[in-house]
Amino acid sequence: MAAPPPEPPILRTPDELLEEIFLLLPTAADLARASLARASFRHLITGHAFLRRYRTLHPPPLIGVLDVDDSTFFPAQPPHPSAVAARTFAGFDFSCSSFLPSTAGRTWRAIDLLDGRVLLGGAPEEACDLEHLQLLVRELAVCDPVFRRYILLPAVPGDLTALVPEPEDLLDLDTFLAPGDVEEDPLSFRVMCLVRCRRNMLLLVFSSVNGQWHALYI
C-alpha cells in the first residue's frame, strides 16, 4: 500500500511564521479566503492579536467623506486609489433611518462620525437644543450604515447623571465617538460625553467592550 503523500510545507510552518505570511495579504478579502483553507488558519486569522496587527498595517481605505448633518456622501475622486470602489456607493443611503427602531414623537439625528460608524441621538421632535438635553431625554445609537447594523447604548445610570450639575452651572456638553480598547477588541469603540461645568469637567464614557458607562472627573 502506497504511503500517503507528505503534507505541504505550509502546513508544517510554525504559527509565528504563518502570521507574518498572512500579514502580507493586501486585502481583507484575501484574508477571508485564506481563513477558509484550513481550521488552524481560521483560528490564527480570527485571533484578536493578529487582527490588531493586520488593522494597523492595512487600515481601511478612505472611500469618501460623509456630512453628518444631512448624510451627504462625497466619494473619492480620481486619481485617488479608492475612486473605483467609491463609485459603488453612489446613491447609497447613509442616514441609518431605514433600519433604526422608530419611536413615536422622537427623531434620530447624527452627532458624530468615526471609522465608518455614525453616532446618533434620539430626542423628542420638539426638542430644539439637543446637546443640552441629551443626558435627560435622548437615546444613543452607534450605527454601521454600510452593513446595516446598530447598537443601542444603555441609558446613562442614574448615579452618573446625578453628577451632572444644575443647568445654571452647566457651560457646555459635547458627545462624540472615540476609538476603543484595541488591546481587548480591535473593532471596539467608545462614546464620550464631556460635561463642562463652572468648577470642573466631567467625562462620561461608554465602552463597547463591557457595555457599561463610567465617569471621570478631569
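This is a predicted model: local features need pLDDT of at least 70, side-chain atom pairs count only at pLDDT 80 or more; totals for chains, interfaces and linings use all residues.
## Overall form

The protein chain is made up of seven helices and 10 strands. Its radius of gyration is 22 Å, whereas the globule rule gives 17 Å for 218 residues, so the chain is more spread out than a compact globule. Along the principal axes, the C-alpha atoms fill a box of roughly 85 × 40 × 35 Å.

Of the 218 residues in the protein chain, 34% are buried. When contacts between residues at least 6 apart in sequence are considered, 46% of them join residues at least 24 apart.

## Surface and charge

The protein chain has an accessible surface of about 13500 Å². Carbon and sulfur atoms account for 59% of that surface.

There are 28 negative side chains and 18 positive ones in the protein chain. The centres of these two sets lie 7 Å apart.

Helix α1 covers residues 15-22, and its buried residues are L18, E19 and F22. As a general rule, an α-helix has 3.6 residues a turn, so residues three or four places apart point the same way.

In helix α2, the buried residues are L31, A34 and S35. Viewed down the axis of α2, these residues fall within an arc of 100°, so they line one face of the helix. Among the elements that cover them are α1, α3 and α4.

## Residue E19

E19 belongs to helix α1. Its relative accessibility is 17%, and because the limit for a buried residue is under 20%, E19 counts as buried. Apart from neighbours within four places in sequence, E19 is in contact with L44, F50 and R53.

The separation between E19 and T72 can also be stated. These residues are 53 apart along the chain, and their C-alpha atoms are separated by 39 Å.

G121 is buried, with a relative accessible area of 0%. From C-alpha to C-alpha, G121 and W108 are 5.5 Å apart in space, while 13 residues separate them in sequence.

The loop between β3 (106-114) and β4 contains D115. Phi of D115 is near 50°, which is a positive value in a residue other than glycine. D115 counts as exposed, at 57% relative accessibility.

## The loop holding R148

R148 lies in the loop that runs between β5 (139-144) and β6 (149-152). Although R148 is not a glycine, it has a positive phi of about 55°. With a relative accessible area of 33%, R148 is partly exposed.

## From β2 to helix α5

The loop between β2 (72-75) and α5 (83-87) is the place of P79. The peptide bond leading from P78 to P79 is cis, and its omega is near 10°.

Helix α5 contains R87. R87 counts as exposed, with a relative accessibility of 56%. Along the chain, R87 and Q77 are 10 residues apart, and their C-alpha atoms are separated by 8.8 Å.

## The loop between α7 and β7

E168 is placed in the loop between α7 (158-161) and β7 (170-179). The relative accessible area of E168 is 51%, and since exposed means over 50%, this residue is exposed.

E168 and C197 are 29 residues apart along the chain. The distance between their C-alpha atoms is 9.2 Å.

How values were computed
Residues are numbered from 1 along each chain as its sequence is written. Side-chain values use heavy atoms; hydrogens and water are left out. Helices (H or I, at least four residues) and strands (E, at least two) are DSSP runs, numbered from the N terminus. The radius of gyration is taken over C-alpha atoms; the globule rule is 2.2 Å times the number of residues to the power 0.38. Buried means under 20% relative accessible area, exposed over 50%, partly exposed in between (1.4 Å probe, protein chains only). Contact means heavy atoms within 4.5 Å. Accessible areas come from the Shrake-Rupley method with a 1.4 Å probe; for residues, only the protein chains shown count as cover. Lys and Arg count as positive and Asp and Glu as negative; His and the chain ends are not counted. The place of a charge is taken as NZ of Lys, CZ of Arg, CG of Asp or CD of Glu. The arc is that of the directions from the helix axis to the C-beta atoms.
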